[in-house]
Amino acid sequence: MQSLDKLIMLSMAVSDMAKSKEFYETKLGFKVTTDYGQGDKHWVSLELPGGGTSMTLTTTHENMKPGTVKLYVSSPDIQEAHKQFAPAGAGEVTDDLYGPGSGVKWFSLNDPDGNQLLIVETK
């Protein structure tokens, strides 16, 4: 019997909700699904356009610290994604995500708090 079947949400601490929301919504194309609260009790949930696991940005940090998350996000066209996200600070495309010779293309960029996003080519 399988008790768990999918990841539905992850939560990420942010220090400046306005900057973080703008980065994920405007620069990366996430869709805001919920925007609740304000100040140090503010949550914004977002999804990729195709749906799936949602991400909640929060100023209620609990045991989290802004800038300590690493997200892996897939893209079917790494060159197009790199061109799109270059203005947001995308690093160079390399082909060694799983070590030298792996051939898996990827690049990284950081959100306003320093959380790292790795954009990985999937075909």
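This is a predicted model: local features need pLDDT of at least 70, side-chain atom pairs count only at pLDDT 80 or more; totals for chains, interfaces and linings use all residues.
H2 itself runs over residues 78–85 and lies across E5, E6 and E7, at about 20° to E6. There's a cap on it too: Asp77 sits at the N-terminal end of H2, with a side-chain oxygen 3.2 Å from the backbone nitrogen of Gln79.

Now for the sheet under discussion. E5, E7 and E6 make an open sheet of three strands, in the order E5-E7-E6, and the pairing is mixed. On the edges you've got E5, residues 70–75, and E6, residues 106–110, and each of them pairs on one side only. Ignoring direction, neighbouring strands here are turned by 25° against each other on average. In general, strands of a sheet pair through backbone hydrogen bonds, either parallel or antiparallel. What about E6 and E7, parallel or antiparallel? They're antiparallel, over five bridges, with E7 spanning residues 116–121. To pick out one spot, Trp106 stands opposite Val120 in E7.

Next, have a look at the loop between E6 and E7, where you'll find Asn115. Is Asn115 buried or exposed? Its relative accessible area is 1%, and the cut-off for buried is under 20%, so Asn115 counts as buried. And what does its side chain meet in there? A polar atom of the Asn115 side chain lies 3.2 Å from the backbone nitrogen of Gly67. For the backbone nitrogen of Val69, the distance to a polar atom of that side chain is 3.0 Å. Leaving aside neighbours within four places in sequence, Asn115 is in contact with a list of residues that includes Met12, Ala13, Tyr24, Pro66 and Leu109.

Lys31 is in strand E2, residues 31–38. Not counting residues up to four places away in sequence, Lys31 touches Ser45, Leu46 and Glu47. How far apart are the C-alpha atoms of Lys31 and Lys21? They're separated by 9.9 Å, and the two residues are 10 residues apart along the chain.

Definitions and conventions: Residues are numbered from 1 along each chain as its sequence is written. Side-chain values use heavy atoms; hydrogens and water are left out. Two strands pair if DSSP finds at least two bridges between them. Helices (H or I, at least four residues) and strands (E, at least two) are DSSP runs, numbered from the N terminus. Axes are lines fitted to C-alpha atoms, for helices over the stretch in contact, and angles run from 0 to 180 degrees between N-to-C directions. Contact means heavy atoms within 4.5 Å. Buried means under 20% relative accessible area, exposed over 50%, partly exposed in between (1.4 Å probe, protein chains only). A polar contact is a pair of N or O atoms within 3.5 Å; within protein, one must be able to donate a hydrogen and the other to accept it, and residues adjacent in sequence count only if both atoms are side-chain atoms.
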